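Visitor: I have a model open and would like to go through it residue by residue. Can you walk me through it?

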Amino acid sequence: MTGASFQYRLPARLLHWGMALLVLATIPAGFVMIQDGIGRPLQNALFLFHKNVGVLLLLLVLIRAAYRLRHPPAPLPANIPGWQRMAASLSHVALYALLILMPIAGYIRVKAGGFPIESLDALGLPPLVPRSDPLAETAKTLHYYGGIAIAALLAVHIGAAAQHGLLRRDGVFSRMWPPFGARTR
Ligand code: HEM
């Protein structure tokens, strides 16, 4: 089985791989930018990147979720065991939830803390939350644990994808690969 007839549509694949690149850059940027001793210029550049790409990711995940609701993926190949289907569904729901939660928590942490988000400020969007240190601290804690959770979940997700693509070669990986190319369903 090639899996080609089970492939995700082109917009879903473009969104998946585009977001994958951005998320895989945003997470390490988030962990590195809060370290002491990396130097102010690098820290500022990473904060600028992280906050603004994070906001873009919220927009992209909302578009992606809406697209997925209108275009549900084809069923997995019949030989995939039930527990793996369940694990895949649960982890995908958790990834969507975290990709929505993380930018919102980040936004609240920054705006309640009284700091800028350059892209939104340039668009003239007023702060949607009040200036409040306790609120900023709560959002910071949520963002921190969410960051650990999404990094762990992505490690499992990438491990499972590699297992399907490299070891089992059962057509599951090629549902989402290549990022662009002819749509087959
Ligand atoms: C999918 C989107 C995002 C992901 C995956 C993500 C991930 C992370 C991670 C892993 C960290 C390091 C752990 C921590 O100290 O919290 C971090 C830190 C941080 N992020 Fe995000 N983030 C996202 C979006 C955003 C957005 C949209 C903003 C603000 C507009 C933001 C602002 C921050 C800030 C300010 C920190 C440093 C936390 C502190 O104050 O110590 N993040 N992020």
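Visitor: Is Ile150 buried or exposed?

Guide: Ile150 is buried, with a relative accessible area of 4%, where buried means under 20%, exposed over 50% and partly exposed in between, using a 1.4 Å probe and protein chains only. This is a predicted model in which local features need pLDDT of at least 70 and side-chain atom pairs count only at pLDDT 80 or more, while totals for chains, interfaces and linings use all residues. Residues are numbered from 1 along each chain as its sequence is written, and side-chain values use heavy atoms, with hydrogens and water left out.

Visitor: What is Ile150 in contact with, leaving aside neighbours within four places in sequence?

Guide: With those set aside, Ile150 is in contact with Ile27, Leu95, Leu98 and Leu99, contact meaning heavy atoms within 4.5 Å. Ile150 itself lies in helix α5, helices being DSSP runs of H or I with at least four residues, numbered from the N terminus.

Visitor: Switching to the metal, which residues coordinate the iron atom of the ligand?

Guide: His50 and His143 do, each through NE2, at 1.9 to 2.0 Å; donors are N, O and S atoms within 2.8 Å of the metal (3.2 Å for Na, K and Ca), and water is not among the atoms, so sites may look incomplete. This pair links distant parts of the chain, since His50 sits in helix α2 (residues 40-70) and His143 in helix α5 (residues 133-168), 93 residues apart.

Visitor: And what is the geometry of the site?

Guide: The site is octahedral, with angles of 85 to 179 degrees among its 6 donor atoms; six donors count as octahedral if opposite donors are over 155 degrees apart and all others between 65 and 115.

Visitor: How do the two histidines count for accessibility?

Guide: His50 counts as buried because its relative accessibility is 14%, whereas His143, at 22%, counts as partly exposed.

Visitor: How do α2 and α3 pack?

Guide: Helix α2 and helix α3 (residues 82-112) pack at an angle of about 145 degrees with their axes 9 Å apart, where axes are lines fitted to C-alpha atoms over the stretch in contact and angles run from 0 to 180 degrees between N-to-C directions.

How values were computed. Tetrahedral: all angles 85-135°; square planar, octahedral: opposite > 155°, others 65-115°. Helix = DSSP H or I, 4+ residues; strand = E, 2+ residues; numbered from the N terminus.
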